[in-house]
Amino acid sequence: MGIQNLLWQVTKKAFTGGIIGVTISDRCCSVVPVRGDSMSPTFNPQRNSYLDDYVLVEKFCLQDYKFARGDVVVFSSPTHFRDRYIKRIVGLPGEWISSSRDVIRVPEGHCWVEGDNKASSLDSRTFGPIPLGLIRGRVTSVVWPPQRNCMLALFMVCAFYIIKWVSIQLHVPQDSLWKL
Amino acid sequence: MGSSSSFWNVAYRQAMKSGVFVAKVYSFLHVTTTYLAFPAFAFGPSMIPTLHPSGNVVLAERISTRSRKLSRGDVIVLQSPEDPNKIPIKRVIGLEGDCVSFVVDPEKNDESRTVVVPKGHVWVQGDYTQNSRDSRIFGPLPYGLIRGRVLWRVCICLTLYSLISRIKSVFFFCILFGNQYGLVSNDI
């Protein structure tokens with residue numbers, strides 16, 4: 001019966017960890033790869049490198065949907081809802097955008113997105129302004145490859161040392177820090 | 001390890017335990033309401049006679065919207081394309097590729113228009129068409145804005161007071177029931 005008990009314990013812990021991980025990735029932040037070069041040179045600056053950029057997407061902006069011009073966002077495509085695109089917000093609701101032929105007003109509750117690499121980018125110039133409800137998160141920083149990002153690594157190292165120092169001050173035994 | 005049991009030590013341990021329990025409950029609730037089903041409080045005149053205008057508690061499920069198994073006639077919970085903070089409830093009239101005809105402005109004249117619903121969109125209308133902001137005003141709705149499909153109505157609440165008292169009675173029933181069967185315990 002020992003093996004069965006052990007299996008049950010491991011399953012319970014994995015299930016709990018999985019659920020907490022899903023919640024964090026839906027509510028807090030998640031890491032997604034950037035594919036394609038519609039956002040060069042901001043992401044994927046080299047066209048034929050083997051490594052994709054991985055970016056940190058934060059989800060706190062979905063509480064009240066307040067964005068600023070210039071934010072890079074992840075959104076569901078209006079025509080294929082399972083695909084996710086990463087583009088930059090160029091127009092907020094109520095603003096006027098000049099496309100190739102005429103001037104368009106962005107309606108209420110919508111935004112105009114464009115990629116940085118205008119030559120090869122499928123964006124609002126093709127499918128029009130997108131409703132703000134389709135946005136799934138805002139990109140804050142690049143986390144991989146590490147030579148393109150030093151702030152996040154610095155922050156994590158500092159946070160680790162601060163937590164260690166605080167726990168030493170409170171006389172918490174060091175091995176109980178890991179017993180979450 | 002057991003020598004220094006100062007106040008801060010004990011407090012830290014208690015805080016960690018309760019924190020982990022709260023995190024578990026919150027994540028369980030989040031996963032259930034985002035991927036399985038969620039309750040919603042519906043009010044407003046746009047779905048008369050299906051829903052009461054003063055207030056109904058309905059149960060909406062998310063499994064069929066994730067796998068694209070919507071059909072014409074389903075009542076769905078969606079996110080308004082005019083304001084992402086508003087969550088109206090409407091009925092699906094046309095899927096992608098359908099031709100939908102509607103009267104543009106019923107108060108002015110009887111002029112009607114026919115629209116083909118584009119790929120990846122649905123056409124929604126309220127049941128009480130005289131007082132409903134739906135696809136006749138904001139156009140076809142992208143599939144990504146659909147939140148869930150209404151399964152059934154749990155109860156009608158004519159006032160906010162009756163809704164609050166109903167929630168209280170359900171809460172106390174759960175506590176009593178859980179205590180009797182040992183589901184609510186102090187040992188976490």
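**A tour of the annotated site in chain A**

Begin by selecting K87(A), which touches S38(A), M39(A), D71(A), V72(A), V73(A), F75(A), V113(A), E114(A), G115(A), S121(A), L122(A) and D123(A), residues up to four places away in sequence not being counted; contact means heavy atoms within 4.5 Å. The model is predicted, local features need pLDDT of at least 70, side-chain atom pairs count only at pLDDT 80 or more, and totals for chains, interfaces and linings use all residues. Residues are numbered from 1 along each chain as its sequence is written, chains are lettered from A and ligands numbered from 1 in the order in which they are written, and side-chain values use heavy atoms, with hydrogens and water left out.

Display the secondary structure next: K87(A) lies in strand β4 (residues 84–91) of chain A, strands (E, at least two residues) being DSSP runs numbered from the N terminus. K87(A) has a relative accessible area of 5% and is therefore buried (under 20% relative accessible area, 1.4 Å probe, protein chains only).

Now select S38(A), in the loop between β1 (29–33) and β2 (54–58) of chain A. S38(A) is also buried, at 13% relative accessibility. Its contacts, again without residues up to four places away in sequence, include I86(A), D116(A), N117(A) and S120(A).

Show both side chains: a polar contact of 3.1 Å joins K87(A) and S38(A) (a pair of N or O atoms within 3.5 Å, one able to donate a hydrogen and the other to accept it).

Finally, consider the record: an unreviewed UniProt entry places the feature "active site" at S38(A) and K87(A). The two span 50 residues in sequence, yet their C-alpha atoms are not more than 8.0 Å apart, so they gather at one spot. UniProt annotations may be inferred rather than shown by experiment.

Key:
Helix = DSSP H or I, 4+ residues; strand = E, 2+ residues; numbered from the N terminus. Buried < 20%, exposed > 50% of the residue type's maximum accessible area, 1.4 Å probe, protein only.
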